[in-house]
Every structure is written in structure tokens, then in C-alpha cells.
Amino acid sequence: MYSALYLLLVSVSLLGYGLGKPYASTHSQVIDVHTRSRRQIDGTSSLVDFEVRKSSLESAAEILGLTFCDGDHLAGVICPGEEEDDDPTCVSWWEICNGVQVCGLEEYDACVNATEEQYGVPWHDYCRGDEKVDFCRLKDFQPVRCGADYILKKDAAPVKIFSRNYDSDYPNSAFCFWRFTAKEGESIKVDIKDFSSEWNYDMLNIGKGRDYLSTDADILLVNKHSGEGLPFPAVFKTSTNEVFISFFSDAYENERGFKIYVSVAGPDDDVELYEPRTPPLDTDCGNSSIIDLSQGQEYEIYSPGQPEHYAPFMQCDWRFEVDPGRRIGFRVIRMDTENQADLVTIGSGESVGDADNVVSRLGGTAVPKKPVVVADSNAWLRFTSDAAIERSGFTIKVSEVPAAECGGSYKVPADGSVMVASPNYPDLAYRLNQDCVWSFKAAPGRKLTVQFLDFRTQLYGDPVSAGFGPEPAFDWSNFVVEEHTGRKMPEPVAFDTGEDAAWISFRSDSFLVDRGFKALVGDTKKYKAGFKAEPRETHPLNQNCGQTIRREEIYDEIVITSPRAGAYYPALLDCIWVVDIPFGGMVKIEWDQFLTESGRDFFTLGNGSDPNLASSIIIDRYSGVKAPKKMETYFQSLWVRFQTDLLGNYRGFQFKISPIPYTGCGGLLEVPEGGSLVVASPGYPYYYTNGQTCRYTIQSTSGTRFYVTILKFEVAYEDFLSLGEGCDPAEGGSTMIDKQTITRPDNYQVVPRTAAVWMKFFTNRYRSERGWMIAFSDMGDPVTEERGFGSCEPYTSDPVTIPPPPPTEEPILPEGSGDEAEPAGPEPKYEETEDPETPDWYDDLSEVMEEEEEESTVSPPEEESVIVESEVIEGSGSEVPII
């Protein structure tokens, strides 16, 4: 908690150097877009700085669990523990860390005694209430304020409020506010003596209550007054006993400021009781008619009064429509309104101002780079201005625009149309390496027509194709426009599909770009072209490729390649691989190569064994020359589909699937139903640790038998692995692998009779190797006796072997054997003698032999990866798998 508070303190301290304290600027004079000079004089706390520091203070108080007095961060904090009291003690900011404790006086001594008992020393800082370190840190977050709060007393002299540097230039970027409170039932008199500010930019607000940031016209008695001269009325009294005054200046022109007197209104004061009056909105602007843009024309909107400033309290509406299925775009040419107050709102539908259909709100001076697009055939624009601060307004051009996203699915309404274009059209060029497909569906019982309206792409590099049907066919049998490029319109420029579906595709390479294309897809009944597309000869896809890999097959990794590995894959393929992973579970998929024709030849990968199940797809119709990202995920089985079209073949792909085994030293593990589990020596594939004994129990979760397949085995001499039936050796099951060392055994795949097996791996203190990796794959065959199923305890120790008792009688020898028992005699005695002396060369020779023994290792033969691929037999029209 305290580290988070410390970071917050550091950030706010840094902020204080730039914003929180008065500063002297050294920037030179500049001119902004409104030709206003930016004078540089001493600044004061801006509204932005004030809000940032307020937010930081609230965050720090939340970390410390403190509550502000009356919810006001400027008033101070409530003593901890008194938040729920009817009359809690409030500690003002000047009382915090001033050396005099206010909070927790009664508990202070008890707290100090408790800390002394707990920690051995008294912890005064912890018990000091508002004087402890945390409160002192919190005080550093208090916003730097320009202004003050006042309690007004009847018959007292007026409180005089001046702008900073009054009668000279007030500061740039200033934000100051004052709050006044009188007794209940009293009213407050406000007398504005003098006022001068930059017109339309530096503003004075006076309102009822204490919310100094309020913009509510029903609260503001003086609403954003600016310029030379007093507001009307300049002298008035309020109906409430609380009033605020706030003043904002920007970073440019400055004037002499203001002088205001505030006091309790007396009975003899001949002053009007003033309430804000909101005039009716001026709606005599905009256009009451619906503007039709379906003929491709452009409509220009100007704010009222342009080039002069618009008026306050305005509400101007415009409505637009195009043919069903089309879109409307609003291009902002110029924008100059009071930010967050005078707004241009754009929406969809026929109901102007409907809050549920708002698309965008614009204001200030920012001009969007792209048009605001309404994806509807009806759109509206509304401009509203508030009580004060008028600017020069806006200019916006409205026209029908195409859908310029990269591909998508569109429904074409009856008697309507959809217009699409390459991304960024027409303002910017399309991007490099785009692969876009648009598909269109007609209304029931209708057919579609495709018409190109504009065309400019990189010659020979960025092709556009179009045709009928739901998507481009791999054999190109539904293509009408084939891979067209350049700046000439395609042939045919328009065609009737004769069907209720159509498509357009676009690809760009990594070299040059151009403006792109625009096309219309409409209801043939209204947009008939007269050229009917005819279907071409179809070519069946070759499905004699791919492979099925079963769980019982033996692989330590699986490598899958496209047909004709190392060469260009054939055309018109539809290959499917279904892999029931022998080492399923956590697996890793890594790519060695991926080179396919972008947007035409597709690689798809899914989880499970059904390529027709859409919900199983993980990598969907992937193409191009950039390989998919490496994957580490849970797979028990997966499928791969590779489809190629008529032209443009590449070198294809190769990826490998390898297990991510469990590598702990021992444990109780489970083989999932219909799945696999892979276990490896600790640290695999790196060398295992010496001097450890690992005991494992592996059991089925479904009471079925499983294959046990040793995938890798490299174990040092005198280190061994044993494996047997049952939960542990004490059950008496068969030992199928007994103290195997160095190389993989001949019986590297076994099937136990039980639903559980035990393993023991022992290593000595000398050599080590890479170890072993074993797969346990459920075979779905239930055991006759549920020995070990679901009831195993962890195998943690070996059974104790008890030697047989000594014989109690003399052994009986067969008659005539000629063997006579020797009489028992005294045990032989051995004398301790010193070792015989050996020559010096003997010790040297022993050391050499020991070093040679340590350097010698037994290297088992390496396992080779199994590459699953297909090869086309020329002239046969079929493919055979090669293993």
C-alpha cells in the first residue's frame, strides 16, 4: 500500500514543477490560428493542473482509507474511525502536520503501549493521528488553489475579490474560484465593480451553491461573461445562502481583470433578487427539407452567420438520405466552436437528435482526418450552441461514401445497392500487404449486378477479381473479372451474376500502392448491366493427400509438410490431416516454413478430429508468406486442411508438433479419458540432476488400459528406470521394465493389464544424461479388474523386504549322499595386516584409468522425427503418403 502511495507522491511532485506552482516562462511570442498573441507572464494553477492534482489526492486518500470532510477535498479529512459518527472531527489542511494532534487523543497512549508490546519499541508515527507521516504525505497532494472560501457575516464589510494582478494583466491559463456561505435564510449580494477580459476566451461565472465547475444554466447567474464591460445585471442578490465565483483564462491575450464585492444582503439594500433566465432556442436555421444525395452530389453545410460568429442558444438541423444499402459521409473542412459546449452531433436514422443513434460529436478546433461515416441510408446533423462564447463555426461536406474497410459481408436490399471500395479510398492510398474479400447477398427472390465505378491499382502487382457465388472458387469457375490491375477499367466493367450472391477480392503486395477502386453491387432489377456472367468448366479438387495419425502410433514429434516438400505444391488440392496425438496434452507447434499464395491458397487448423466443425477452428484460412505464431496449448487431437486454387503455387509449409511433458520428480498423475499424458525425467530435455529418486503413479481417469510408449531414453550407467503394474510395487503386479539403463529397451511400447502403473527413476551421484520421455495414451479398453482405477495413493516409498526366518532344525540329508555335515567349530580368526607396498607408478596409473572411465559414455542411437507428407505420382492423378 505504502509503495503505491510513494509512487503517487513522486509523480505528483514531478507534476508540481511544471504545473502545480507559479512559473516564469521564457517562450517567445507566437501566433495561433486565430491570430491571437500569446503573452508570457507569470502563470497560475490551471484547471487541468487542478483536476489532475485533485484526482491524485483522491487516489492517495483511498489508499490510506481516509474520507474528506463533507466530501470536499479542499476542506480536509475526517479523523480515522469517526467516519460513521454523527458529528465527526474534521481536520483542516492547515491543522494536519502542524505539531498539534487533533485525532485520536484518547487512543494515543494505548496505541503507543500496544506497539511497544508488539514491536519492542513505541511506534509514535503509527499512533499520531493527523500528525503521523502518512497524513503529512497526504498534505503534499493538496491542489494549489487560486481563491478562497469565506463565511459571510451580517452587517460586516463586503469581501473584496480581485483577479490576480488586478488593474494589470491577469495570468495566462489561470483558474481561480471563491466560495461564500451565509447563514441559513440569508441571501448574498454580489456587486461587480469592474470587468475586462479577452472577449470570448477568458470567462467569469457566478452561480448558486458551491459547485464551482457547474455549467447548468439554471444555476449560473453570470454565465461565461467575457469582454469589456459589466454583465447585466451587475448588482444583484441571490435566493440562496451559498454562492461561488470562478474565473478561467487561456494561454493568449490578457486584460486588466475584475473587481467584485460580496456581502450579506441587508433589508435596506435596494437590489433585485436575480434568477437565471434561459431564452428559447433559435431553431430557424439548418434545412427543414430532406436532402437527397443518391445522385452522387455533394452538399456543403455552413454554421449560421459564417464568416461571422454564430449566435448563442441555437439548434440547427439537417437531414440526408441515399438509396437503401448505401452510406453517408461527413467530411469536416473547418471546425471552430467552443469545446465541449457548442457541438456538432451526427447520427443515423430519420429521427434527428435521437441519443441512441448518435455516431459522433464534434467540437473545438480539431478536424478529423477521415470522414465521419454513417452506415445507414438516412443520416442527420444537429448543431447546438449554449448561452455564451461564440466562435466562427464550421464547414462540413456531406456526400454518399463507399464502405472502405478491408472486406466484409453485406446484404443488398431489394431495389437497393451497396457501394464498396479499397481501404482508405479515395483520400489515401490502400496499404501494403492487404488481402480483402467482400461478399454480397441479395434480398429473397432477387439477383445481383456488379459494376466498377473507379479503378487505379499497381500494374501487375495488386489484382482485383470479381464473380458470382458466395466466395471465389478454387478452380476459378465462378470468376468474371480475373486478377485485373492497372488504371484501366476492367472488362467487363459491369455484369449481371444471375444469382443471389456475388464477391469481390483485392490483394496488394509489399511494393507500391495507388488510390484503389470503387464498385457498386446492386439489385439487378434496378441496376441491370446487360452482360450475363456464364459459369465455366469446373475442376474437382484432389483429396488424395493428407494423413491420419492414430494414438497408438509411435512418435516423439510429428512433422507435417505440404505435398511435394521442398518443391512447389500442386494446384487444386484439398488435403486433410487428422492427428490423434500419441503424446497429447500440452504440446508445442512450431513453424519451419510457410509460403503460400496470399488470398488464394489457405491453411486451416482446428482442435479435435472433425474438419467440418466450425467451432473447432483455431487458425482460419491462413495464407501468405508470414508463418503463424508459435503455439503452446492443450491438444489431444487436431486437424489440418490445406486448399489450393488453379494458379500461383508456392513452396508450401512445414511445421512440427512436439510434447511439453510433465518434468517433476515423482507425483500422482492421471491419463485423461480418450487422451494422453507425457512424463519426462526432471529437467528434460536438459541433463537430469544427480542423486535423486523419483517415484510416480500414473492412473486412468476412466478405468481403461493405456499404451505406455518410451519416446526418448538416454540414461547414464548405474542410473535406471523401472515400471510395473498397479499403484506401487507393493500391489504385486508385473514389473514390465526392470531397472532399464543406458538405452531404450526393445519393448519400448507396452500395455499393462491394470488401469494404473508405477515408475521409479533412480540416479546416482556421478554421471547424468538427457533422460527419458514416456507417453501414456488411453486405449479405451476397460480392465477386467479395476485394480488401481481412481483409488491410487502417491507412490512415495518402496515395500520393505523381510528376510526369511533362520532354520530351527538341522537339515536332513538324503541317505547315501556321501555328504556329512561338518562339525561346528570355532569361527576363523583373521589378522589385521598392513597393505603391501606398491610402486609410485601404480598410483599414477590408477588415476589415469579413473579419468578415462569418467570420460567414456555410452551413446544410444538417435531417434529420427517422422515426417508426414504426401507425394503426387505423376500421371496417376493420385497421391500416396510417405512415412
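Which strand does Ser777 lie in? The answer is β45, spanning residues 771–782; strands here are DSSP runs of E at least two residues long, helices are runs of H or I of at least four residues, and both are numbered from the N terminus. The model is a predicted one, in which local features need pLDDT of at least 70 and side-chain atom pairs count only at pLDDT 80 or more, while totals for chains, interfaces and linings use all residues. Residues are numbered from 1 along each chain as its sequence is written, and side-chain values use heavy atoms, with hydrogens and water left out.

Back to Ser777. This residue is buried, with a relative accessible area of 2%; buried means under 20% relative accessible area, exposed means over 50%, and partly exposed is in between, using a 1.4 Å probe and protein chains only. As for neighbours, Ser777 touches Arg551, Pro582, Gly675, Ser676, Phe706 and Tyr707, leaving aside residues up to four places away in sequence. Touching, or contact, is taken as heavy atoms within 4.5 Å. With Ser676 there is also a polar contact, side chain to side chain, at 3.2 Å. That term covers a pair of N or O atoms within 3.5 Å; within protein, one must be able to donate a hydrogen and the other to accept it, and residues adjacent in sequence count only if both atoms are side-chain atoms.

Next comes a sheet. Four strands make up an open sheet in the order β22-β29-β24-β27, and their pairing is antiparallel; two strands pair if DSSP finds at least two bridges between them. Strands β22 (417–421) and β27 (494–496) sit at the edges with a single partner strand each, so one side of each has no neighbour in the sheet. From one strand to the next, the twist averages 15°, with axes being lines fitted to C-alpha atoms (for helices, over the stretch in contact) and angles running from 0 to 180 degrees between N-to-C directions. Inside the sheet, β24 (residues 448–456) and β29 (residues 516–523) run antiparallel and are joined by 8 bridges. Leu448, for instance, has Asp523 in β29 as its bridge partner.

Then there are the disulfides. A disulfide is a covalent bond between the sulfur atoms of two cysteines. The structure holds 7 of them, each counted as a pair of cysteine sulfur atoms within 2.5 Å. One joins Cys69 to Cys90, with 1.7 Å from S to S. The torsion about this S-S bond is about 110°, so the disulfide is right-handed. Cys69 comes from the loop between α2 (47–64) and β1 (77–78), and Cys90 from strand β2 (residues 90–91), so distant parts of the chain, 21 residues apart, get linked. Cys69 is buried at 3% relative accessible area, whereas Cys90 is partly exposed at 36%.

Cys545 and Cys575 form another disulfide, with sulfur atoms 2.0 Å apart. Its torsion is about -100°, so the link is left-handed. Cys545 lies in the loop between α6 (524–527) and β30 (546–549) and Cys575 in strand β32 (residues 574–595), so parts 30 residues apart in sequence are tied together. Both Cys545 and Cys575 are buried.

A further disulfide is formed by Cys665 and Cys694, whose sulfur atoms are 2.0 Å apart. This link is left-handed, with -100° about the S-S bond. Cys665 is partly exposed at 40% relative accessibility, while Cys694 is buried at 0%.
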